[in-house]
Structure formats: C-alpha cells, structure tokens
Amino acid sequence: MKFMRNIESVAVASLGALSISVFFSQTAMEVFALASLLFLLIWRFRKGPAPTHRVPRFVIIMAAVFLLNLFINVLVSADKAKGFVYIENYWKFFLSGLLFTAPICNKNRMKIIAAFLIGAFFSGLWGVFQHYGIFFQMETRANGNTHSIYYAGMLAFPCASAIMLLLSRDPFVKSVWGRILASAAMLISLAGILFSQSRGVWIAVFGSWVIMMFFLYGRRKAGGLVLIAVAAIVLMFTFNGALRRRATSIVTSIYTENYTGSTGNRLQLWKGALLMYTEHPVLGTGINGWGPALDRLISEGKVAPVPVRCEAHNMFLQGLATQGTVGFVILLLFIYVLFKWGMVETRDQGGIGGHMIIWSTLLVIIGGLTENSIGLSKYLAVYCLTIGLMGGYRPAGTASREKIDPL
C-alpha cells in the first residue's frame with residue numbers, strides 16, 4: 001500500500017509538471033508526458049486501487065480504428081519515415097485514457113487541475129506582456145514561444161475548463177484560492193487568445209461557448225449570457241484598434257485579399273485540397289503527400305503560388321486530401337463517438353466530466369474549420385490532457401448513477 005501511495009504521489013507530481021510545461025517547452029512536455037504515462041501504467045497494472053471509471057468500449061474501438069487508418073495511410077505513402085514522425089504524436093491518446101481512468105483521489109486531481117490553470121495563466125500573461133511590450137519585445141500578435149495560432153488554440157482548453165468550473169460552482173472553486181485561480185486563468189487566457197489575433201480561435205472559443213450555454217441552460221438564460229458576452233466583446237474591440245481591424249478582416253478579407261493574403265492563401269489551399277481529393281478519392285495522397293501534390297498543382301497552374309503551403313488550414317479538407325473518403329468517414333465517426341461519450345458521461349456520471357469532453361471536442365472541430373492543429377504535438381497534448389484530466393474529474397457527491405453501457 002505504501003508503494004502505491006508513493007506511485008500516486010510521483011504520478012501526480014509528474015502530471016502537474018506536464019500540465020505546466022505543455023504551455024512552455026516542447027522538450028519538457030515530452031519528458032513529463034512519457035514519465036506520466038510510465039507511472040500511470042505501473043499504477044494501473046500493479047495490484048492497487050481499481051479504476052474509478054472506465055473509457056467505454058465504443059470509444060476504444062473507434063480510437064483503434066482511427067490509429068489503424070493512420071498507420072495504413074503511412075504504409076501507402078511515398079515517404080514512410082516522415083509519415084511515422086507525424087503519427088507518433090498520437091501516443092498521447094493512451095496517456096489521456098489512463099489519466100481518465102486513474103483512481104486519483106479528488107484532492108490530488110484538483111492539484112493537477114490547479115497546475116493546469118497556473119500554466120495557462122502564466123502562458124496567457126506572457127502573451128499580454130508581448131502585446132504591450134512589457135519585459136518582452138512588443139509583438140503585433142501575441143505568441144508565447146510558438147506560433148500565434150497554436151498558442152491561442154492551446155489556451156482555449158484551460159480557458160474552457162476554468163469557465164466550466166466557475167459556472168458549475170464545482171468544489172474546486174468553493175475555496176477562495178480556487179475561485180481566484182479559476183477566474184484569473186480564465187481572464188488571462190482570454191486576453192492571450194484575443195491578443196494573439198487568431199481569428200479562427202476567436203470563432204472557436206465564442207462559437208463553442210455559445211453552443212455549450214444552450215446545451216447547459218434554457219434558451220432564455222443562455223441567450224442572456226450570450227448578449228452579455230457580445231456586449232463585452234464589442235466594448236473591448238471598440239477601445240482597441242488592432243483588435244477591431246482584425247475582427248473586421250474576418251469578413252472583408254474574403255473580397256479584399258488576393259492569394260498572398262491570409263484568407264486568400266487559405267482559399268487556394270482549400271481549392272488544392274479538393275483537387276487532390278478528386279484525383280485520389282479513396283485513400284488520398286497519403287499523410288506526407290500534401291506538399292508534393294500541392295507543388296504539382298501550383299506548377300500546373302491549377303492553384304496560385306501561395307506563400308504558405310504547409311497544410312490545408314482546414315482539418316476536414318486536410319483529411320479529405322491526404323486520407324481520402326476512408327479517412328474522412330473515420331474522422332467523422334470518431335467525432336460522433338466523442339460526442340456520444342460526453343453525453344453518456346453527462347447522463348450516467350454527473351459532474352463536469354462529460355461537458356468537458358464535449359466542449360473540448362467542439363473547440364477542435366470549430367477551430368479545425370480554419371486550421372489543422374490536431375496533429376501537432378503540444379496542441380494534441382493539451383487536448384488529451386483536458387479530456388483525461390477534466391473529463392475524468394469526479395468531485396465528491398457526483399458518483400455514477402448507472403453503469404456505462406460499453407456498447
């Protein structure tokens with residue numbers, strides 16, 4: 001028993017370090033993620049506390065199908081080594097599942113959640129300082145230590161987690177310090193997202209929040225909350241010219257930019273993705289086939305010579321182009337299964353776990369309309385951490401009302 005208590009303490013410390021480092025250091029994130037996976041595996045398979053809950057079998061099966069499709073897609077690709085480098089990031093699925101089922105006591109899980117929010121707070125603060133030129137060189141778009149789009153995308157998950165904790169009046173925020181931490185993490189994360197000027201993440205955060213408000217509350221209360229949020233946004237954008245111009249460009253850039261602009265570039269990439277799909281409708285070009293296929297389309301004059309060519313800037317079109325109909329259908333089924341899982345958790349377990357599975361997945365989907373971030377190591381790590389940590393959070397008094405139907 002002493003050994004198991006020590007393993008839990010070490011696992012909690014490693015997970016706490018992961019929850020902070022994921023916002024700052026790729027190397028530290030990988031080290032603590034692997035260490036956390038190891039400690040959770042030892043804890044899971046040695047004789048000790050039984051899992052408090054489980055991942056439904058339909059989720060495990062669909063995740064396995066998703067990963068198998070990626071593996072097969074790499075095998076049919078021209079550059080298999082490069083393809084395997086891409087899909088190796090998905091090992092974080094296993095960490096997410098182990099963290100979700102780990103019998104971590106509420107007190108220790110709250111410690112990890114606190115570390116997650118602390119990491120988001122300081123990452124958001126970094127972006128605020130960049131925006132105003134405090135301690136750092138003034139940046140047009142806040143970016144932490146990465147690209148502004150991925151910076152904002154990662155902050156969206158702890159921001160949603162903090163909002164959910166506050167709205168649900170969870171035991172975490174009943175203490176003064178818990179309430180202060182959740183409020184500070186939410187506000188500073190939102191500031192970092194705003195100052196990143198990442199329009200796609202803006203839409204993802206606001207759009208997913210609106211959907212969740214109508215999911216959680218009746219139309220009248222949700223409508224009131226949405227109106228308050230819209231008023232706050234209008235007020236903020238009125239007094240900040242840079243944000244106002246960036247928000248206006250969401251609409252105006254469609255007809256004012258050519259292919260060298262951000263929106264014009266994306267439109268050409270989307271066109272290229274659809275052309276690739278028509279040429280390879282079943283299995284696509286292969287995960288690592290995007291670059292060569294796009295270069296060929298540009299040389300043939302079918303797509304304009306855009307300056308940014310790394311990916312389709314759309315999760316769904318990227319999947320359609322590189323994995324064909326097979327991969328696209330599997331992606332849609334996986335999304336459906338994740339939503340079903342969230343609904344099952346909400347119905348049978350109570351608490352905020354199911355809501356966070358749904359909200360996190362909404363962020364990925366809506367954000368995926370303008371970006372293809374899900375395969376990136378740190379973004380995927382934050383998503384999986386949110387699912388495992390927040391999805392598996394069971395405060396006292398929210399015990400399971402029914403057993404989960406595995407199928």
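Which are the buried residues of α11? Leu243, Arg246, Ser249 and Ser253 are; buried means under 20% relative accessible area, exposed over 50%, and partly exposed in between, with a 1.4 Å probe and protein chains only.

## Basis of the model

This is a predicted model, in which local features need pLDDT of at least 70, side-chain atom pairs count only at pLDDT 80 or more, and totals for chains, interfaces and linings use all residues. Residues are numbered from 1 along each chain as its sequence is written, and side-chain values use heavy atoms, with hydrogens and water left out.

Helix α11 covers residues 241–256. Helices here are DSSP runs of H or I with at least four residues, numbered from the N terminus. The helix has 16 residues, yet its end C-alpha atoms are only 19 Å apart. A straight helix would reach 22 Å at 1.5 Å a residue; the expected span is 1.5 Å times one less than the number of residues.

α11 also bends, by about 55 degrees at Ile250. The bend is the angle between axes fitted to the seven residues ending there and the seven starting there. The buried residues of α11 pack against α8 (176–196), α9 (199–216), α10 (219–238) and α12 (262–279). Contact means heavy atoms within 4.5 Å.

## Helix α9 and Trp209

Trp209 lies in α9. Trp209 counts as buried because its relative accessible area is 13%. Beyond its neighbours within four places in sequence, Trp209 is in contact with Ile163, Leu225, Val226, Ala229 and Trp359. The C-alpha atoms of Trp209 and Ala160 are separated by 7.9 Å, and these residues are 49 apart along the chain.

## Buried polar side chains

Gln130 lies in helix α6 (residues 106–132). Gln130 counts as buried, at 4% relative accessibility. A polar atom of its side chain lies 2.8 Å from the backbone nitrogen of Asn143. A polar contact is a pair of N or O atoms within 3.5 Å; within protein, one must be able to donate a hydrogen and the other to accept it, and residues adjacent in sequence count only if both atoms are side-chain atoms. Leaving aside neighbours within four places in sequence, the contacts of Gln130 include Phe136, Met138 and Gly144.

Gln318 is in helix α14 (residues 315–348). Gln318 counts as buried at 9% relative accessibility. Its side chain reaches the backbone nitrogen of Ala312 at 2.7 Å. Not counting residues up to four places away in sequence, Gln318 touches Trp290, Glu311, Ala312, Gln323 and Asn372. Thr386, in helix α16 (residues 377–391), is buried at 0% relative accessibility. Not counting residues up to four places away in sequence, Thr386 touches Phe116, Phe157, Ser161, Met356, Ser360 and Gly391.

## Aromatic pairs

Rings of Phe, Tyr and Trp (its six-membered ring) pair if their centres lie within 6.5 Å; planes under 30 degrees apart count as stacked, over 60 as edge-to-face and the rest as tilted. The count comes to 16 aromatic pairs. One of them joins Phe121 and Phe122, edge-to-face at 5.2 Å centre to centre with 85 degrees between the planes. Phe129 and Phe135 are also edge-to-face, because their ring centres are 5.3 Å apart and their planes lie at 80 degrees.

Phe66, Tyr90, Phe93 and Phe334 form one aromatic cluster. At Phe58, the charged end of Lys340 sits over the ring, 4.6 Å from its centre. A charge sits over a ring if NZ of Lys or CZ of Arg is within 6 Å of the ring centre and within 35 degrees of the ring normal.

## Positive phi in two loops

Phe135 is found in the loop between α6 and α7. Phe135 is not a glycine, yet has a positive phi of about 70 degrees. Phe135 counts as exposed, at 72% relative accessibility.

Gln197 is found in the loop between α8 and α9. Gln197 has a positive phi of about 55 degrees, although it is not a glycine. Gln197 counts as buried, at 7% relative accessibility.
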